[in-house]
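The structure is shown first.

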Amino acid sequence: REYVWVGGIISDTGYQHTWPRLNVPYYVGADASWYSRNVIISDETAVRIQPGTEFHFQPESGISVWDYSSLEVMGTAEEPVVFTSVHATPGAWDGIYVSDGQLIMEHAEVHWAGDGSLWPAAIKFGGTEYVAPSSLSNVLIQGSSSCGLRTSEYVGPYLTLTDITFENNVQNECT
């Protein structure tokens, strides 16, 4: 295959996983009936994504960060981390959802997300039990069929946004 499939629940309390850049993209979606459609980072687990890494998503797939966990997306200006769909159409995948967790995203691109029935958006923050400071810096959000960035009133004060570019989203920022 021209990708590496990744999916399911990552639950390793106190452990940090590192996903390196590969010569092919990571793929998230139900390519075969036994594959999970999503990546769920849970139970105080940390995941760090290195520069130049690319993810391709099928419809109804996405990444969720729950339960005191964290996702660090650490691209560079020369090698951004790219989250995109296998279909270049607005809302082709659910997006990235953070609930009672943390997202640190630097030099990244999120394309064609925003599907989903629960708070549709390319990147969405929610939860009420735990809020760690999150930040988005030098991020492009493009082609969302709903909202580019959605935050709850509870999470908003803990989120720092720097140099966010919105392109061709139905709405850019929502609460």
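## Salt bridges and surface patches

In this predicted model, the side chains of Arg37 and Glu60 meet in a salt bridge, at 2.9 Å from N to O. The pair links distant parts of the chain, 23 residues apart: Arg37 is in the loop between E4 and E5, and Glu60 in the loop between strand E7 (54-57) and strand E8 (62-66). Arg37 is partly exposed, with a relative accessible area of 39%, and Glu60 counts as partly exposed at 43%.

The count comes to 3 salt bridges.

| Salt bridge | Closest N and O atoms |
|---|---|
| Glu79 and Arg21 | 2.3 Å |
| Glu72 and Arg48 | 2.9 Å |

Two patches lie on the surface. Asp43, Glu44, Asp67 and Glu129 gather in a patch of negative charge. Asp43 sits in the loop between strand E5 (38-42) and strand E6 (46-49), and is partly exposed at 35% relative accessible area. Val4, Leu22 and Val24 make a nonpolar patch of about 170 Å². Val4 belongs to strand E1 (residues 4-5).

Is Gln142 buried or exposed? Gln142 counts as buried, because its relative accessibility is 10%, under the 20% limit. This residue is found in strand E14 (residues 134-142). Beyond its neighbours within four places in sequence, Gln142 is in contact with residues including Trp112 and Glu167.

Notes
Residues numbered from 1 in each chain as written. Predicted model: local features only at pLDDT ≥ 70, side-chain atom pairs only at ≥ 80, totals over all residues. Heavy atoms only, no water. Helix = DSSP H or I, 4+ residues; strand = E, 2+ residues; numbered from the N terminus. Buried < 20%, exposed > 50% of the residue type's maximum accessible area, 1.4 Å probe, protein only. Contact = heavy atoms within 4.5 Å. Patch = residues over 30% accessible without salt bridge, like charges linked within 9 Å, V, L, I, M, F, W, Y side chains within 5 Å. Areas by Shrake-Rupley, 256 points an atom, 1.4 Å probe, with all protein chains shown as cover. Salt bridge = Lys/Arg side-chain N within 4 Å of Asp/Glu carboxyl O. Lys, Arg positive; Asp, Glu negative; His and termini not counted. Charge placed at Lys NZ, Arg CZ, Asp CG, Glu CD.
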